[in-house]
Amino acid sequence: PYSDIEKTSLDSVNISRNGAEGMITPQQALDQFKHLAELGFDHALVSFRNVAAPDAFEVWAELAPQIHQIPVVGR
């Protein structure tokens with residue numbers, strides 16, 4: 001059945017705490033992941049575009065547990 005298939009998305013993300021210079025904020029990223037879960041996606045693979053930013057990994061470390069808690073529709 002279609003509902004048994006694990007669905008995965010692939011995208012790139014350019015995120016910063018304040019969304020400066022055309023980046024998205026952590027809340028905007030969280031909203032995007034929630035939308036994917038509402039569409040039934042089980043996994044989201046992302047290309048982390050601004051790895052050289054000084055606080056980039058700190059932002060992801062704070063965001064990851066919140067993303068992990070998002071329930072996927074149909075699961």
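**Entry 1: layout**

I started with the secondary structure and counted two helices and two strands in the chain. I keep in mind that this is a predicted model. Reading along the sequence, I get the pattern β-α-β-α. I then looked up the extent of the C-alpha trace, which spans about 45 × 20 × 20 Å along its principal axes. Of the 75 residues in the chain, 29% are buried. I also checked the contacts with a separation of 6 or more: 71% of them join residues 24 or more positions apart.

**Entry 2: the two helices**

Next I asked how the axes of α1 and α2 cross. Helix α1 covers residues 26–38, and its axis comes within 11 Å of that of α2, with a crossing angle of roughly 30°.

Which residues meet here? From α1 I listed Pro26, Ala29, Leu30 and Phe33, and from α2 Val59, Trp60, Leu63, Gln66 and Ile67. I marked Phe33 and Trp60 in that list, as both come back in the aromatic cluster.

**Entry 3: aromatic rings**

I searched the whole structure for aromatic pairs and found three. In one of them, the ring centres of Phe48 and Phe57 are 5.2 Å apart and the planes stand at 85°, so I logged the pair as edge-to-face. Are these two residues buried or exposed? Phe48 is buried, at 19% relative accessible area, so it passes the 20% cut-off. Phe57 counts as exposed, with 53% relative accessibility.

Phe48 has another partner in Trp60: their ring centres lie 5.4 Å apart with planes at 85°, so this pair is edge-to-face as well. I traced where the partners sit. Phe48 belongs to strand β2 (residues 43–48) and Trp60 to helix α2 (residues 56–68), so the pair ties together parts twelve residues apart in sequence. Both Phe48 and Trp60 are buried.

Putting the rings together, I get one aromatic cluster made of Phe33, Phe48, Phe57 and Trp60.

**Entry 4: a charge over a ring**

What sits over its ring? I found the charged end of Lys7 there, 4.4 Å from the ring centre.

How values were computed:
Residues numbered from 1 in each chain as written. Predicted model: local features only at pLDDT ≥ 70, side-chain atom pairs only at ≥ 80, totals over all residues. Heavy atoms only, no water. Phe/Tyr/Trp six-rings, centres within 6.5 Å; stacked < 30°, edge-to-face > 60°. Buried < 20%, exposed > 50% of the residue type's maximum accessible area, 1.4 Å probe, protein only. Helix = DSSP H or I, 4+ residues; strand = E, 2+ residues; numbered from the N terminus. Lys NZ or Arg CZ within 6 Å of the ring centre and 35° of its normal. Axes fitted to C-alpha atoms, helices over the stretch in contact; angles between N-to-C directions. Contact = heavy atoms within 4.5 Å.
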